[in-house]
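The sequence and structure come first, and the description follows.

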Amino acid sequence: MKVLRIAGKYLDQPKLVSDFADKVPLLLTTGMGLHGAKEVYHAPKEKRKDTLIKLMSVLSLTAVSSLLLRRKPDFNKAKQTALIDNFIKTADKNVVEKIGSTLEKAKNNILSFNEIKLLDKHLNKTKEGKKFFNKLIPEPENISSAEIFKEIKWLSLMGFLPVVGGVTGGIIGDVATDKNWKSKIPDKVKEGAYQFLANIFLCNVGAGTALGILEKFNIKSKSARAAGMTAGIITTGIVGGNFIANYIGKKCIDPLFKNCSASGRKPEALDVGLHVDDIATVAVLSGLKWIEPALPILYSISGYRAGIGYRNIQNANKNDCK
């Protein structure tokens, strides 16, 4: 458990989180660019131009919409320096002698795991040391029920925008390259509904509901809260999300577009992999800081799959609309 605590401190360093957040736009666009290049390269020569146009439209709008609501972590170098200088002035000289150089480094640089371990060893011996350490690298906080649903709203909207961006980009790409572009809209809308409901929204609701119940019973244990949220995600999102998303696609979206093809959608390996963003949800709602900057990258995958209108069941049985 001590190793996990130190690892958590290492990952939650304000400067590390801030620096990672600054790199996310570049990581996102680079990853999308590489994927797009691969798809164009593997497309038949006569279709490469159209494939490029479609992918540029989907990927660019997905990337932009994924970054719209991202939150920039608060790292104040001057405040960090003042905090460290004040501690060095008032702390025991023997302690300062052992960790002073590490604290000086922490003013401008990210500390290594072993350096965090060194601080943990010497600062946790006194009440003042613990207090300083938790100001230097804040501990995860248990949020209230009001804050829970505020976070759920933000997480869900943050996941919704890339899906809308992907669908919009997909339609624009089809308009530019395909005379029958209207026939492709239903699959994009249904995939968008599937991605948002099954892979994002209902999982967030499950996690938030579980956390609200735990708070009602005054359960403060971080491990219990994480386990409860995970159970909520599995029950509401992974198990129920697939059924609900397909039901809405069949009963609402198909009749809206007078379309009866590809009504179904079954979960597959990548869909299960996409639930890593639910682990991120658990982390964010548990008060961890290091995972939050990665959310735009995780949600952009759902936006992309919605934009290309991915469907793994192609059954044109017109009885589906009944």
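A charge is taken to sit over a ring if NZ of Lys or CZ of Arg is within 6 Å of the ring centre and within 35 degrees of the ring normal. In this predicted model, K9 lies over the face of F133, at 4.6 Å from the ring centre, and the charged end of R305 is placed over the ring of Y310, 4.4 Å from its centre.

L103, a residue of helix 5 (residues 93-106), counts as buried because its relative accessibility is 0%. Beyond its neighbours within four places in sequence, L103 is in contact with I84, F87, I88, L119, F132 and L136.

Across the whole structure, a search finds four aromatic pairs. One of them is F87 with F132, a stacked pair at 4.1 Å centre to centre and with 10° between the planes; this pair links distant parts of the chain, since F87 belongs to helix 4 (residues 77-90) and F132 to helix 7 (residues 127-136), 45 residues apart. The rings of F160 and F196 have centres 5.2 Å apart and planes at 70°, so that pair is edge-to-face, and it joins helix 8 (residues 145-177), which holds F160, to helix 9 (residues 185-216), which holds F196, across 36 residues. F160, F196 and F201 form one aromatic cluster.

| Residue | Relative accessible area | Class |
|---|---|---|
| F87 | 10% | buried |
| F132 | 4% | buried |
| F160 | 37% | partly exposed |
| F196 | 16% | buried |

Notes. Residues are numbered from 1 along each chain as its sequence is written. This is a predicted model: local features need pLDDT of at least 70, side-chain atom pairs count only at pLDDT 80 or more; totals for chains, interfaces and linings use all residues. Side-chain values use heavy atoms; hydrogens and water are left out. Helices (H or I, at least four residues) and strands (E, at least two) are DSSP runs, numbered from the N terminus. Buried means under 20% relative accessible area, exposed over 50%, partly exposed in between (1.4 Å probe, protein chains only). Contact means heavy atoms within 4.5 Å. Rings of Phe, Tyr and Trp (its six-membered ring) pair if their centres lie within 6.5 Å; planes under 30 degrees apart count as stacked, over 60 as edge-to-face and the rest as tilted.
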